[in-house]
Amino acid sequence: MATGRRPTLTDEERARVEAAVEAAEQRTSAEIVPMIVGRSGLYREAHHRAGLLSAVLALTALLTIETTWLPWGWHAANAVWLLGVIMLAYALGSWVGTWPPVLRLFTSRERMHRKVQLRAKLAFAQHGLAQTRERTGLLLLISLLERQVSVLADQSLRDGISDAQWQEVVAVVVERLKVGDLVGGLCCGIEASGTLLARACPARDGDNPDELSNQVIQDT
């Protein structure tokens, strides 16, 4: 799976998210698991595309000013030198292609969306969300590199809540993320999810076990 820089939250921020989960779950029998990941994919093709573009630009620039650096015509040494410059430009471009802004530029949003969805499905299985008593697990995942949010609900929740309603939860999170409020966005998403879940599967007095941890999962 993709590896990146681990997202960091302060103890106060983690406690704030945990409190939001606890408050939401008091109204529902569902289990909400918040998760923040650094990235959901490696996107190596973006590195190659950036490297190729850099090499082409370097070659174009050198051929445009050919008379400056080849005043006496072509020689074998000139070809070797030219090839070396192009290879260096490719390597430099590939390295620049690992920077998040450049990587996003050379990767389609649809591909990133697929990667985030796959990461959410993997996390759903890895962290036991599919093993709740009544299949009421809900994963709220924020993938930082892709700047995307995924809400993945277990089967019984999907039957009672439409995709459009889950998209409203995503929109609530994204609104806060746009102003740089990561924890606020996560807490707002948890609260909005709790409101939907309270209608679809309300809590039962004396029968509402806390099956999954309320702590936010942080991963690379």
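Predicted model: local features only at pLDDT ≥ 70, side-chain atom pairs only at ≥ 80, totals over all residues.
Residues are called exposed here when their relative accessible area is over 50%, and buried when it is under 20%.

Helix H1 covers residues 11-25. From its first C-alpha to its last, this helix of 15 residues reaches 21 Å, close to the 21 Å expected at 1.5 Å a residue. Its buried residues are Val17, Ala20, Val21, Ala24 and Glu25. Viewed down the axis of H1, these buried residues fall within an arc of 125°, so they line one face of the helix. On the face of H1 turned away from the buried side sit the exposed residues Asp11 and Glu12. The cover over the buried residues of H1 includes strand E1 (31-37) and helix H9 (182-200).

Is tyrosine 43 buried or exposed? At 1% relative accessibility, tyrosine 43 counts as buried, because the cut-off for that class is under 20%. Helix H2 itself has 21 residues, which should span 30 Å at 1.5 Å a residue, and the 30 Å between its end C-alpha atoms agrees with this. The buried residues of H2 include Ala46, His47, Ala50 and Gly51, and Ala55, Ala58 and Leu62 are buried in H2 as well.

Another loop worth a visit is the one between H6 and E2, which holds arginine 133, arginine 135 and threonine 136. Arginine 133 is partly exposed, with 47% relative accessibility. Not counting residues up to four places away in sequence, arginine 133 touches Arg204, Asp207, Pro209 and Glu211. Arginine 133 and serine 29 are 104 residues apart in sequence, while their C-alpha atoms are 9.9 Å apart in space. Arginine 135 is also partly exposed, at 39% relative accessibility. The phi of arginine 135 is near 55°, a positive value in a residue other than glycine.

Leaving aside neighbours within four places in sequence, its contacts are Ser29, Ala30 and Glu31, together with Asp154, Ser156 and Leu157.

Trp166, Val169, Val170 and Val173 are the buried residues of H8. Seen down the axis, they fall within an arc of 95°, so they line one face of the helix. That buried set packs against E2, E3 and H9. On the face of H8 turned away from its buried side are the exposed residues Ala164, Gln167, Glu168 and Glu175. Glutamate 168, located in helix H8, has a relative accessible area of 52% and is therefore exposed, as the cut-off is over 50%. In sequence, glutamate 168 and alanine 192 are 24 residues apart; in space, they are 8.4 Å apart, C-alpha to C-alpha.

The last stop is the largest pocket, which contains about 610 Å³ of space. Of the 24 residues that line this pocket, the closest to its centre are Gln148, Val149, Ser150, Val170 and Val174. Val170 is also one of the buried residues of H8.

Technical notes:
Residues numbered from 1 in each chain as written. Heavy atoms only, no water. 1 Å grid on protein atoms, 1.4 Å probe; cavity = no way out; pocket = protein on both sides within 12 Å on 5 of 7 lines; lining within 4 Å. Points joined across faces, edges and corners; volume = space filled by probe spheres on them. Helix = DSSP H or I, 4+ residues; strand = E, 2+ residues; numbered from the N terminus. Expected span 1.5 Å × (residues − 1). Buried < 20%, exposed > 50% of the residue type's maximum accessible area, 1.4 Å probe, protein only. Arc of directions from axis to C-beta. Contact = heavy atoms within 4.5 Å.
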